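Please look over the model below before reading my comments.

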Amino acid sequence: MDRYIGGELLLPFIFSVGLVSSLGVAIGYLSDLANKVVEFDLPLIQALEILLLKVPEFTAYALPISVMLTTLLTYGRLSNDSELIALRTCGVSLYRVIAPALVFSLVVTGITFVFSESIVPDANHRATSILVEYLQEEHTFWQNKDIFYPDYEEVDLPNGETVKRLKYLFYAEKFDGKQMKTLTILEWIGTNLNTIVVSDSATWNSRENTWDFFNGTIYKLAPDASYRDMSPFKHCQLALTRAPFEFALQGRDPYEMNIIQAQQYIKLLRMIGDEKNLRTFQVRIQQKIAFPFICVVFGLVGSVLGVRPQQMGRATSFGLSVVIIFTYYVLGFIIGSLGLMGIISPFMAAWLPNFLGLGTGYWLLYHFAKS
């Protein structure tokens, strides 16, 4: 029975993944890409490369949707052909009948997780890089200009309280991936601004763990904020933190990072006190972990609805799938937004839709098993 049902699930699933991912690319991105080619003169070769790079993302979205469609179609056909009635007559419980679908959905969950972590982030990042390079598109998390990085130190107050105090403020006008351009660095000693460094460019020297600054001036300030010394230079090395370089280099959208990269970036966001982006990344990391388990939710709900003792054709199955998937993703969007606003925790923002879906699926299974 398991081999038979598993075989019945496999072919519709492969077909559904191809269909849904193709439609996703065509509807979700092709028209926008064509507009960039016509309106903004994006080279056709790069446009085709971006289109191919977007296929993994839409395939990752297609996997859970295909599980829903496949289980509805397969169990609907088994029900229509009275094969489920024969199994139930032989004493096979409804729980046992849908067990192959749950195992199948768990396998697809693993595939979705590996696919989303190992292929999708790099493909998305490469697609964004092409748009930035050829069209100079603005990118919310792309750190290629106006880079601000505050560096704090912890100070113990006389009353025993520990507070963070600004030590350095790093600003660069542009960053090309290797070199910072038009820099200004402010250094505080205690509560007094002590040094201002202005430089045309700077690079991180990984061999000596220092910054190499070129063509600039170092201004020393007195306690009353007046200039007490000025030192022009063509090249000088300053032992500042490497964090501004890492911050600019790792600046990606959460969907262009895998979980490990996003967690490393969160450490930088905590250091600079960027609470808004920190909350965004915390929610997105939880969503990246929770997303593959949508396959289990859709597998359970789809198989339970498919075994209903009534006629269900392909058109009905497809329409019901669309309604359930749309409702689920709208609910996920609303709950995720509550997490981004800080109303609920990042964990609940990502996992609550899955919990609600599993609860609904189990309730339907229990209800149909009794009838």
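Predicted model: local features only at pLDDT ≥ 70, side-chain atom pairs only at ≥ 80, totals over all residues.

1. Start with T70. It lies in helix α2, residues 44-80. Is T70 buried or exposed? Its relative accessibility is 0%, so T70 counts as buried; the cut-off for buried is under 20%.

2. Leaving out residues up to four places away in sequence, T70 touches L9, P12, F13 and S16. With F13 there is also a polar approach: a polar side-chain atom of T70 lies 3.3 Å from the backbone nitrogen of F13.

3. Next, the packing of α2. Its axis and that of helix α5 (residues 99-118) come within 10 Å and cross at roughly 175°. Therefore α2 is roughly antiparallel to α5. On the α2 side, the contact includes P56, L63, V67 and Y75. On the α5 side, V108, I111 and F115 are among the residues involved. By class, the contact has 10 nonpolar, 5 polar and no charged residues.

4. Now the strands. β4 (residues 192-205) pairs with β5 (residues 210-221) in the antiparallel sense, over 10 bridges. T203 has D212 of β5 as its bridge partner. The two strands form a hairpin with 4 residues between them. In that turn, N209 has a positive phi of about 55°.

5. β5 also pairs with β6 (residues 227-238), in the antiparallel sense and over 10 bridges. Here I218 has S231 of β6 as its bridge partner. This hairpin has 5 residues between the strands, and A225 takes a positive phi near 75°.

Technical notes: Residues numbered from 1 in each chain as written. Heavy atoms only, no water. Buried < 20%, exposed > 50% of the residue type's maximum accessible area, 1.4 Å probe, protein only. Contact = heavy atoms within 4.5 Å. Polar contact = N/O pair within 3.5 Å; in protein donor to acceptor, adjacent residues only side chain to side chain. Axes fitted to C-alpha atoms, helices over the stretch in contact; angles between N-to-C directions. Parallel < 35°, antiparallel > 145°, perpendicular 65-115°, else oblique. Nonpolar A, V, L, I, M, F, W, Y, C, P; charged D, E, K, R; others polar. Pairing = 2+ DSSP bridges.
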